[in-house]
Amino acid sequence: MFRFSKEAANVESSLLERLSKPGHYTLFAPTNKAFEQLDSHGLERILNDKTVLQAFLKYHLLSSVQCSEAIMAGTAYETLEGSVIEIGCDGDSLTINGIKMVLKKDIITSNGVIHLIDQVLIPDSAKQVLELVGDSQRMFGDMVSEMGLSAAMKPETDYTLLAPLNGVFTNEIMALDQHLLKIILENHILKLKVTLNDFYNGQLLETLGGKLVRVFVYRTAVCIENACMIRGSKEGSNGALHLMRSLIRLPEKTMFELLKADGRFTIFLKLMEEAELTEMLKQEGSYTIFAPTDEAFKEMSEDDMKLLTSDLNILRTILLYHFSNGIVINGGLEGGVTNLLKTIQGNNLQVLSVNNSINVNSVNVKDNDLMASNGVVHVVKNLLYPADLPVGHEDLLYLLRKLIKYIQIKFVNGYTYREIPLTFIKRFITTHVIETGPEIKVIETKPIIKKVTQVTETGPKVDTVVVGGDVITEFKFTKLTETKPVMKEVVIEGEPKFTTVRRVIEGDPSVTTVTRIIGTGGELDAEVDLKKILSEDLSKVKKVWENELHLQEEEITKLIEGGGGEITTVTKVIRPDPHIIEGPDFSRITSFKHNPELIEEESERITKIIKHGGSQKRAAVQRPPDGGSQKRAAVQRPPAGMKRRARPARHPSKPRQ
């Protein structure tokens, strides 16, 4: 007979089994026609969700027998689903939730009574969140649909509607720009399901627009920012709905920014600065402030200002009496009851909410609930002062009585104010981090030059000395790699002369032939003969030397190039059977530099030998290949007047390094 029973049998057999057992039940059974009037999508959604279907079925059952004769008009009954329905009378008919829908009543069964109804009862728990919107919030629901916000609310996602009553949408609100109006509506939709029991004080909730709203829970009220809830919250299958007394206004400024932008609080802000309390208005927190306007100080002169700011403790005591920890808005105050708010100064403020307005210490609050990001501002036109706090100086008493006329201020001679520790002011150390590239520091210093000097002592050098027809040829080849040059001294009849030869390592070795005539003491013919001898002898020596020089150059270059980064000293001395004059001691010439007397003595001695052509003994010294000691052989001088050919120097087959 009833589609209701058929659907229930397919989905909830346990409930039907319960109805078949003895008990006391009242069933409001919708007819098939009632289901046909139901939206097909809505019915399908109910049938596909077992939890919703169970709530739907139980909403039609009472756990007691209620016949029409026994029902008292306007009586509320709790269903098996948990919510309440109201049953009334309309003549001979029954009404459910104020709607006349009972077609046939009082069908008596063994375990209860059945009333046939022509409409389907749908509990809030089986509805989607937008279906929870009632007539008192119809304007809000219509605007949400018109702005396209309902399309963004998917059935599988949870939401919470903070629905203002219809009277909130005044002509002024409706005249706002559509974009701004859409933002306001987004602030009334939360991105999650929050029931009435889920709210707690200080809670932050995200709106559909991505902004955060604060929750303030008081003893008798729950408020979102400046707007408080009224009774009538509902819970649906994918969200909840709460009725709001006013529009939610999100804060955009701190208390300091709000007071400064308002323009009515210049003196109050100046006093806060003098008391070093300005940071309190800027920092994060939750404060309630009763801010006096400039009108409250209209009778104060410049001298009075100096007096008020001369004592820091007095100034802070007066100002901090206007502050209280926590955010207290008008809707959170219990109406008709004096609420005591403990101030930061220490004494209490007496706050009374009457007819949607606030009185503090019997002073009317001109404007209330100016929301800031770190508190709320209530505007007063009088300076506040605790009635039980005495004044200890007559000049201060005179000043305060000019400004405060609603109470009688006590005077106690010599009374001093206690110091208030500013522990509530947060101190911050701001560190600025500047990201830059790597710092390149250029340090100008003298360049470090590693100097490699090759000193060749006139090398290869051929020194030819002719003494009385004897020719002595000496070859020296020295290669030194040092940081400082080596100087060679040659002294001939007079002041010493210095010859310094520097050579780059990578350069080609050069052959230098030095011919010097130390002295001739004979006639012109002897000089001509000497030149001939020298020319002939030197040509032979030079050829021999150049032949061996090529091999020596390759060996020296290899030694130098393979030396690495250290200082390399290569010395090669070639002594091809030198002829030594036995008369003067040339080995002592190296010490002439610092011995002028020896220079003069040796010079005279050599000069005499050359002039007189005296006979000199010479010895040929031959260095053995194995590096043994040198051997000398005496050679007889030829008879006088007999010319002797210069003997070419004999070189060893392999020079020793």
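Trainee: How many residues sit between β19 and β20 in their hairpin?

Mentor: Two, and N355 in that turn has a positive phi of about 50°. Helices (H or I, at least four residues) and strands (E, at least two) are DSSP runs, numbered from the N terminus. Keep in mind that this is a predicted model: local features need pLDDT of at least 70, side-chain atom pairs count only at pLDDT 80 or more, and totals for chains, interfaces and linings use all residues. Residues are numbered from 1 along each chain as its sequence is written, and side-chain values use heavy atoms, with hydrogens and water left out.

Trainee: OK, how many bridges join β19 to β20?

Mentor: Four, with the strands running antiparallel; two strands pair if DSSP finds at least two bridges between them. V351 has V360 in β20 as its bridge partner.

Trainee: And which sense do β18 and β19 pair in, parallel or antiparallel?

Mentor: Antiparallel, over five bridges. L341 is bridged to L349 in β19. That hairpin has five residues between the strands, and G346 takes a positive phi near 130°.

Trainee: Which β19 side chains are buried?

Mentor: L349, V351 and S353, which point to one face. Buried means under 20% relative accessible area, exposed over 50%, and partly exposed in between (1.4 Å probe, protein chains only).

Trainee: Switching to α9, which residues are buried there?

Mentor: L181, I184, L185 and E186, in a helix that spans residues 178-186. Their cover includes α6, α7, α8 and β10, where contact means heavy atoms within 4.5 Å.

Trainee: What caps the N-terminal end of α9?

Mentor: D177 does, with a side-chain oxygen 3.0 Å from the backbone nitrogen of H179.

Trainee: New topic: how many aromatic pairs turn up in the whole structure?

Mentor: Two. The rings of F35 and F56 have centres 6.4 Å apart and planes at 65°, so that pair is edge-to-face. Rings of Phe, Tyr and Trp (its six-membered ring) pair if their centres lie within 6.5 Å; planes under 30 degrees apart count as stacked, over 60 as edge-to-face and the rest as tilted.

Trainee: Where do F35 and F56 lie?

Mentor: F35 is in α3 and F56 in α5, so the pair ties together parts that are 21 residues apart in sequence. F35 is buried at 4% relative accessibility, and F56 is buried at 3%.

Trainee: What about Y415 and Y417?

Mentor: They form an edge-to-face pair, 5.8 Å centre to centre with 85° between the planes. Y415 is partly exposed at 27%, while Y417 is buried at 11%.

Terms used
A polar contact is a pair of N or O atoms within 3.5 Å; within protein, one must be able to donate a hydrogen and the other to accept it, and residues adjacent in sequence count only if both atoms are side-chain atoms.
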